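Subject: Structure handover

Hello,

Here is the structure I promised to pass on. Please open it alongside this note.

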Amino acid sequence: MPRLPISALLLSATLAFFPVAATAQSDEEVYNRIESLHGNAGDLSEPLLSLVEAMGNDDAATIAGLAEYPLRVAANGESYEIQNADDFIENFDSLVTQDTRDAVAGQSFAQLFVNSDGVMLADGAVWMSNVCDTGDCSSSHWAVISINN
């Protein structure tokens, strides 16, 4: 059985403090699915934990810093392409509803849904993906790629 890296274990332990519903999958199963579909699963822990905490604290600047731009946001019955962090921060209250903030703040690692598009939080409210920094994807980072209120 593969061992989870310390970062995944710390994320799991930290997210355990958030209220969660019973899940049908384990942290290890989620981690392995992320690794098999996207690679770089160990590097998801820090940005995911930052996102969960920032949503709970209404910290627009931290969330903006975790996003990949242009960022797709569905809010107020409209679809937006936010071009940069400043635009996101300035319009945060209208772009990210309190329900979305609360749902993401209550996210546990085992509740993540993973497919070839990325990692889904809070039943699709937020999607994160492993974004390539280079053409051959030898360097990448995890980022918020869409928000759906």
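Below is what was found, element by element. Keep in mind that this is a predicted model.

Look next at strand 4 (residues 118–121) and strand 5 (residues 126–132). They pair in the antiparallel sense, over three bridges. L121 has V126, in strand 5, as its bridge partner.

Helix 2

The length of helix 2 checks out.

Which residues of helix 2 are buried? They are D27, E28, V30, Y31, I34 and H38. These residues cover an arc of only 165 degrees around the axis, so they sit on the same side of helix 2. An α-helix has 3.6 residues a turn, so residues three or four places apart point the same way.

Aromatic pairs

The structure holds two aromatic pairs. One is F88 with F92. Their ring centres are 5.7 Å apart and the planes meet at 65 degrees; edge-to-face needs over 60, so this pair qualifies. Both F88 and F92 are buried.

F113 and W127 form an aromatic pair too, also edge-to-face, at 6.5 Å centre to centre and 90 degrees between the planes. This pair links distant parts of the chain: F113 is in strand 3 and W127 in strand 5, 14 residues apart. Are these two residues buried or partly exposed? F113 has 40% relative accessibility, so it counts as partly exposed. W127 has 15%, so it counts as buried.

Helix 7

A105 is found in helix 7 (residues 98–105). Its relative accessibility is 14%; the cut-off for buried is under 20%, so A105 counts as buried. A105 and E53 are 52 residues apart in sequence. In space, their C-alpha atoms are 6.2 Å apart.

Best wishes

Notes. Residues are numbered from 1 along each chain as its sequence is written. This is a predicted model: local features need pLDDT of at least 70, side-chain atom pairs count only at pLDDT 80 or more; totals for chains, interfaces and linings use all residues. Side-chain values use heavy atoms; hydrogens and water are left out. Buried means under 20% relative accessible area, exposed over 50%, partly exposed in between (1.4 Å probe, protein chains only). Helices (H or I, at least four residues) and strands (E, at least two) are DSSP runs, numbered from the N terminus. The arc is that of the directions from the helix axis to the C-beta atoms. Two strands pair if DSSP finds at least two bridges between them. Rings of Phe, Tyr and Trp (its six-membered ring) pair if their centres lie within 6.5 Å; planes under 30 degrees apart count as stacked, over 60 as edge-to-face and the rest as tilted.
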